[in-house]
Amino acid sequence: MPEYALTVLWIALLALVLSIPAFVALRTSRLGTGDYPAVKKPEIDHDLANRAAESLSQAIGFETVSGQEPSEWSEWIRLREFLKTRYPLFHERLSRELVAGYSLLFRWQSDSPPVSESAESPGLPLLFCAHMDVVPASGEWTYPPFSGEIADGYVWGRGALDCKNVMICLMEAVERLIDQGFRPKRDIYFAFGHDEETGGAEGAGSMAKLFLQRGIRFAMVLDEGGALSRGMIPVGRPVAEVCVAEKGMVNYRISVHGTGGHASTPPRHTALGRLSEAVARVEFRRRKARLVPVVLDGLKALAPAAPYKARMRLANLWLFKRSLLKELSKEPKSNAMIRTTVAPTMSHSGTAPNVLPGNAEAVLNTRILHGEDENAVLSYLRELTSDLGAQVELVMRGKPSEISDYRGESFSALSESVHSVFGGCPVAPSLFTGGTDARYYEPFCSCVFRFMPFILTPDDHKSIHGANERVMVDALGAAAEFYRDIIKRLN
């Protein structure tokens, strides 16, 4: 090649390299400047907050622990009788229906004639959801888990965040609206399940069957889920993560058979030893990270309030996608958004300290990311552990939910209510990594959202299903105000 041609080539390459920063900066600027309205502290109605705190405190005292024997369901009965006494206007104005013996379905009937139009009709009903059951309480607690203690600005106890708080704040909001003379222009339903923590098949499942039989569709469904908390990328302010879908949940059993006998003369590899290696492989060899569209859209929604470095990565995935995924993989919460997770949760082997177990097994709780299915994960687990003589079988399946419409009027109205109560908090579509009753209602609505209007700290998040579950008293007041706002906004 002539010398002048090499010179031209080098100049062209140099120009290309020098243009990359400008190109990156241009694309980054399209995501916004980083300016965002200031977050305002919610204007708390302290009378409302304190009343909600007292109500929640008493509701926590009913030990509605999931998985109880039929003879122990009296706590659900006592709870619903308390609610009837505590919220007289709610029960006077709304019709109440017992479903599957213990779930509560309320209907706030509008003064307008019923509609039978398309799902986009503004007259279609709304559905608000919560559940009355809670998980068992173990570990060391500052206050007894079913005391409902109000101390240090919090209400303490099992169910304070998952999710008797949602039920109480919904009822407080409606009680106040009725007292103020408000009448909805569309029907509003409230579905309070009794068995969400064990799958919701009897409670939410039965209520869904009633909606199907009655031909009811909804304009919006709102259940527990995301909250106002620190987002997937650092934005320096609370972020309202409105979950528009949830991952699938599948349980696998992995088992290894071995030779029993006396522990004094063990073989080179025992059944428990091989199972331990299989479980370790599952933990260390994670599924491939992926950015599914809803997660990417959520990240982009947060970008204007994010630092420049985060905006730069998001705007230039062609260059920074790998580093972005690496960054998101560092924290459990964001890591769960970008991959199918496999978590060993239960194990069993052996009968005595000096006896070799003939069989060892563990349960792998798997949360399936959209775009994968249980059979692909099953093949992956079998391939990963087959040389250890492990057997993997699927024992329970639940596919990922549908992805709800987060570009329509219902999502916009929800965002406006967030801004009305909480100020300049970015609102982003997100993916719920847990499970909710909401999945039962997907056939009746294209806008099924999972969001709790509570500002949660990292410690608050850890207390859900853990020790010292608690919710701020002021947060209860803000949440009740949010529910009042969204009900009025959509009527």
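Among contacts in the chain between residues at least 6 apart in sequence, what percentage join residues at least 24 apart? The figure is 81%, where a contact means heavy atoms within 4.5 Å.

Before selecting anything, note that this is a predicted model, in which local features need pLDDT of at least 70 and side-chain atom pairs count only at pLDDT 80 or more, while totals for chains, interfaces and linings use all residues. Residues are numbered from 1 along each chain as its sequence is written, and side-chain values use heavy atoms, with hydrogens and water left out.

**The whole chain**

Show the chain as a cartoon, and you will be looking at 15 helices and 17 strands; these are DSSP runs numbered from the N terminus, helices being H or I with at least four residues and strands being E with at least two. Of the 491 residues in the chain, 54% are buried, a word that stands here for under 20% relative accessible area, whereas exposed stands for over 50% and partly exposed for what lies in between, with a 1.4 Å probe and protein chains only.

Next select residues 248-257, which are strand 9, together with residues 359-368, which are strand 13; the two run antiparallel and are joined by ten bridges. For one example of this pairing, find Met249, whose bridge partner in strand 13 is Arg367. Strands count as paired if DSSP finds at least two bridges between them, and by pairing of this kind four strands form an open, antiparallel sheet in the order 11-13-9-14. Strand 11 (341-349) and strand 14 (390-396) are at the edges with a single partner strand each, so one side of each has no neighbour in the sheet. From one strand to the next, the twist averages 25°.

Move on to the open sheet of three strands, which has antiparallel pairing and the order 4-5-17. Its edges are strand 4 (150-151) and strand 17 (470-472), each having a single partner strand, so one side of each is left without a neighbour in the sheet. Strand 4 is joined to strand 5 (residues 154-156) by two bridges, and in strand 5 the bridge partner of Ala151 is Tyr154. Helix 15 (residues 473-489) packs on the sheet, touching strand 4, strand 5 and strand 17, and its direction makes about 70° with that of strand 17.

**Around helix 2**

Keep helix 2 selected and look at its helix partners. Two packed helices are described by the angle between their axes and the distance between the axes.

With helix 15, helix 2 packs at an angle of about 105°, their axes being 8 Å apart. The two are therefore roughly perpendicular, a label for 65 to 115 degrees, while angles under 35 count as roughly parallel, over 145 as roughly antiparallel and the rest as oblique. Residues making this contact include Leu48 and Ala52 of helix 2 and Leu476 and Ala480 of helix 15.

With helix 5 (residues 164-179), the axes come within 10 Å and cross at roughly 135°, which means that helix 2 is oblique to helix 5. Among the residues that meet here are Leu56 in helix 2 and Ile168 in helix 5.

With helix 3, the axes of helix 2 again come within 10 Å and cross at roughly 160°, so helix 2 is roughly antiparallel to helix 3.

**A loop residue**

Which loop holds Gln68? Gln68 lies between helix 2 and helix 3 (74-86), and it counts as partly exposed because its relative accessibility is 24%. Gln68 touches Glu63, Trp73 and Trp76, leaving aside residues up to four places away in sequence.

**The nonpolar core**

Finally, select Phe128, Phe190 and Tyr441, which touch the most other members among the 115 residues of the largest nonpolar core. Such a core is a set of buried Ala, Val, Leu, Ile, Met, Phe, Trp, Tyr and Cys residues joined through side-chain atoms within 4.5 Å. Another core, of 22 residues, lies apart from it and includes Ala362 and Leu378.

Definitions and conventions: Axes are lines fitted to C-alpha atoms, for helices over the stretch in contact, and angles run from 0 to 180 degrees between N-to-C directions.
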